[in-house]
Amino acid sequence: MCRFIETILFENNEMPLIHWHEQRFVKTQEANFSKIIYPSLEKIILQSNIPQENNIRYKCRVVYDSANVQVEFSPYQKKQINKLIVKVDDEIDYSFKYENREKLNALTKDLKPDEEVLIVKNNLLTDTSFTNIALFDGTNWFTPAKPLLQGVQRNELLSQKIIHEADIDIFQLKNYSKIKLFNALNDWEHVWELNCNDIYFS
């Protein structure tokens, strides 16, 4: 049975992007279970054994299928990333947040601890193995219009018009100077930011 996950930032009893998580949670159920079995992700989390300590950022991981839901919390530790390695996979599909990350993990298995993969599909930039991306052209930040996964932080940034969608061809990298990596656990001011000179081809 296929299982899915939601990874939520939990800090000081707050979940800043929970409304976006709820939308994806419901859409995933509708598409894969043919019905909504769990109507409220927030309720599931708040009924679990939530951490009581304040001023600590927690990673809340919800794993679920049509029969069971599991919730676990762990202190969040941000990975150090100094270099991006471009890898091509025209067959990869991560349109839902699957627990099975076998194909994503295969793309990262040969990387050093401070390296992360930048995935190209059909000549277009998509995502890293665990974040969406945005590139800066000197004026605006653009995020790939066809990401592997439509992340919740991405939805929030698009709604605020902080980033804009565009098809970004791998050969257009020279038109950009910076790249940011972001996910649900890091807001725009605390994301990874690298120079495009730190992007290398494998």
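Trainee: Does W192 count as buried or exposed?

Mentor: This is a predicted model, in which local features need pLDDT of at least 70, side-chain atom pairs count only at pLDDT 80 or more, and totals for chains, interfaces and linings use all residues. Residues are numbered from 1 along each chain as its sequence is written, and side-chain values use heavy atoms, with hydrogens and water left out. A residue is called buried under 20% relative accessible area, exposed over 50%, and partly exposed in between (1.4 Å probe, protein chains only). W192 has a relative accessibility of 6% and therefore counts as buried.

Trainee: With which strand does β11 pair, and in what sense?

Mentor: Two strands pair if DSSP finds at least two bridges between them. β11 pairs with strand β10 (residues 178-182) in the antiparallel sense, over 4 bridges. Within this pairing, L194 of β11 is the bridge partner of I179.

Trainee: How many strands form the open sheet, and in what order?

Mentor: The open sheet has 4 strands, ordered β6-β5-β4-β12, with mixed pairing. β6 and β12 (199-201) are its edge strands, since each pairs on one side only. Strand β5 (residues 115-121) meets β6 in the antiparallel sense over 2 bridges, and V120 has L125 in β6 as its bridge partner.

Trainee: How is a pair of aromatic rings described?

Mentor: The description uses the distance of the centres and the angle of the planes. Rings of Phe, Tyr and Trp (its six-membered ring) pair if their centres lie within 6.5 Å; planes under 30 degrees apart are stacked, over 60 edge-to-face, and the rest tilted. The structure holds 15 aromatic pairs. One of them, F33 with Y64, is edge-to-face, at 6.3 Å centre to centre and 90° between the planes. F33 lies in the loop between α1 (18-32) and α2 (41-46) and Y64 in strand β2 (residues 58-64), 31 residues apart, and the pair links these distant parts of the chain. Y64 is buried at a relative accessible area of 1%, and F33 counts as buried at 15%.

Trainee: Why is the pair of F130 and W192 edge-to-face?

Mentor: The pair is edge-to-face because the planes stand at 85°, with the ring centres 5.4 Å apart. F130 is in the loop between β6 (124-125) and β7 (132-136) and W192 is in strand β11 (residues 192-195), so the pair ties together parts that are 62 residues apart in sequence. F130 is partly exposed, at 29% relative accessible area.

Trainee: Where does the charged end of K83 sit?

Mentor: A charge sits over a ring if NZ of Lys or CZ of Arg is within 6 Å of the ring centre and within 35 degrees of the ring normal. The charged end of K83 sits over the ring of Y200, 4.8 Å from its centre. K180 lies over the face of W141, 5.1 Å from the ring centre.
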